[in-house]
Structure formats: C-alpha cells, structure tokens
Amino acid sequence: ADTLEMQTERNGTATFRILITPEFRFDVAPTWHQLDLPLPGFPDFNLHETGGAASLNYLGINKLTSGFRVEYMDGDYGHIIGATKYHETTESLTATYALTGFSSFDGQVGYSQRDASLINQADAAIIGGEFAGRTNAFTGSIGLTRQLSVKTSITGRFFREVTSYTAGANNVIGTGGEAGVTWNPDVKFTVNLDYRQETQSIQGALVNDPGAVNRV
C-alpha cells in the first residue's frame, strides 16, 4: 500500500506447575493474543486468539521428562469480508532429555485439528465459502539447547505447526527452523540473536485476492 500502516500486537502467557507426586507434575499454560493489522481495503482488520495447554509429565526417569500435552485455541478474525472463527486442538507426546550437564534435547509429536467457519454466513455468496472447513496436520518440533560457557548458550529447532495467516482470514500449515544465541554477561544484561525461516502453506483463497488459492 502507499500509506503508512501501524501494526499492534499484544501477547500474554503464564505457566502454573503443580507437583502431584515426586514423579508426576501437572502443568497449565493459558495464552492470549491480539493483533491489529491494517490491510488494503480493510483498515480495521484484526485477529483475536485465546487458549491454553495442559500437560501431565513423568519425572521418574533419570535425565528424561516425558508427558502428554493437550492444547486448544479459539480465534476469530474481524472487520474483513469472509471473516472466520475457529477452534483448534492439538494432542501430543512430549519429551525433554538432558544429554549432559551442558546439552539437552526437547521434542514433541502430535496431531492438530482446526475447524473454521464463517462468522457471517452471508459472506458465502461473496467469497464462495473457501475459507471455512477443517485443517488437519501432523505437527511437532525437535530442538537442542547447548551451554557453551557460563555466559553463552545456543539453541536450534525444527518445527511443523498449524497457525493463522495474518494477512487474511486463512489457516496456515507452517514448516521451518530457527536458531539463536544468548549471551548473559551479568545478571542485569542479556543479548539474544535469533534467526527463523518458515515455509507457509496457506489454506484456501485469499480474501483480498480471491484468485490466489492455496498459496505458498
């Protein structure tokens, strides 16, 4: 667009851990996300998401923490033709393994289901309903954390996930990787350098370009 556009994004999350027994721990993590993203023709477009995750972890194996995790997310797009709302659930197995005192692996593998529906059914006559429906995918991630020194650590991760396309009311299957370096010279100062690359498979047609279907 040939005009200045300001994006505003707000995130909130918390984690609560309850040690049920010395071998079992229950975790709960609520999340909240609000994105205001002006688009050409839709200056008030936004995305609102609320959800959380619950997991039961087994701590009884030396150096290994394993568990079962259930995640859910409710979201809705606003102020755009063909706006959808969706409900997503993910069930996965998780594990964290401390290889040494300096290195650890973490991973999860699961299955995600996202059901989307038009908020305003009258929009179906305009856009043909391509944005509604179900998106299913195997999802997960595997990562490595390595402590190089007392002050420096590195991380790396590969992932596959179901997310929201933030330039239209679409579901996305994303596959990619990320890496980072953290430097802590003292307790008051931290420097992070991160890199992320992701390929996104956008499901359905774009609202602001109906001829663009299943874009990558």
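The residues that line the largest pocket of this predicted model divide into 12 nonpolar, 22 polar and 15 charged, where Ala, Val, Leu, Ile, Met, Phe, Trp, Tyr, Cys and Pro count as nonpolar, Asp, Glu, Lys and Arg count as charged, and the others, Gly among them, count as polar. The space in this largest pocket is about 1,400 Å³. Of the 49 residues in the lining, those closest to the centre of the pocket are Ala53, Arg69, Glu71, Gln108 and Glu161. A pocket is here an open set of points, on a 1 Å grid over the protein atoms alone, with protein on both sides within 12 Å along at least five of seven lines, and lining residues have an atom within 4 Å of a point; a cavity, by contrast, is a set of points where a 1.4 Å probe fits but cannot get out. Grid points are joined across faces, edges and corners, and the volume is the space filled by probe spheres set on the points.

Several strands contribute to this lining, with at least two residues supplied by each of E3 (24–36), E4 (46–61), E5 (64–78), E6 (84–98), E7 (103–118), E8 (133–147), E9 (152–165) and E11 (189–202). The largest share, 8 residues, comes from E9. Strands (E, at least two residues) and helices (H or I, at least four residues) are DSSP runs, numbered from the N terminus.

Because the model is predicted, local features need pLDDT of at least 70 and side-chain atom pairs count only at pLDDT 80 or more, while totals for chains, interfaces and linings use all residues. Residues are numbered from 1 along each chain as its sequence is written, and side-chain values use heavy atoms, with hydrogens and water left out.

In the protein as a whole there are 1 helix and 13 strands, and these follow one another along the sequence in the pattern β-β-β-β-β-β-β-α-β-β-β-β-β-β. The C-alpha trace spans about 60 × 35 × 25 Å along its principal axes. The accessible surface, calculated by the Shrake-Rupley method with a 1.4 Å probe and, for residues, with only the protein chains shown counting as cover, comes to about 12,800 Å², of which 58% belongs to carbon and sulfur atoms. Of the 216 residues, 32% are buried, a term that stands for under 20% relative accessible area, whereas exposed stands for over 50% and partly exposed for values in between (1.4 Å probe, protein chains only). Among the contacts (heavy atoms within 4.5 Å) with a separation of 6 or more, 50% are between residues 24 or more positions apart.

Glutamine 34, in strand E3, counts as buried because its relative accessibility is 11%. When residues up to four places away in sequence are not counted, glutamine 34 touches Thr8, Glu9, Arg10, Asn46, Leu47 and His48. The side chain of glutamine 34 also makes a polar contact of 3.4 Å with the side chain of aspartate 36; a polar contact is a pair of N or O atoms within 3.5 Å, of which, within protein, one must be able to donate a hydrogen and the other to accept it, and residues adjacent in sequence count only if both atoms are side-chain atoms.

Asparagine 171, found in strand E10 (residues 170–186), is buried as well, with a relative accessible area of 6%. The side chain of asparagine 171 is joined by polar contacts of 3.2 Å to the side chain of arginine 114 and to that of threonine 135. Both partners are among the residues that asparagine 171 touches beyond four places in sequence, a list which also includes Ala116, Thr163, Ser201, Ile202 and Gln203.

Alanine 137 lies in strand E8 and is buried because its relative accessibility is 5%. Leaving aside neighbours within four places in sequence, alanine 137 is in contact with Gly110, Tyr111, Ser112, Arg160, Val162 and Ile173.
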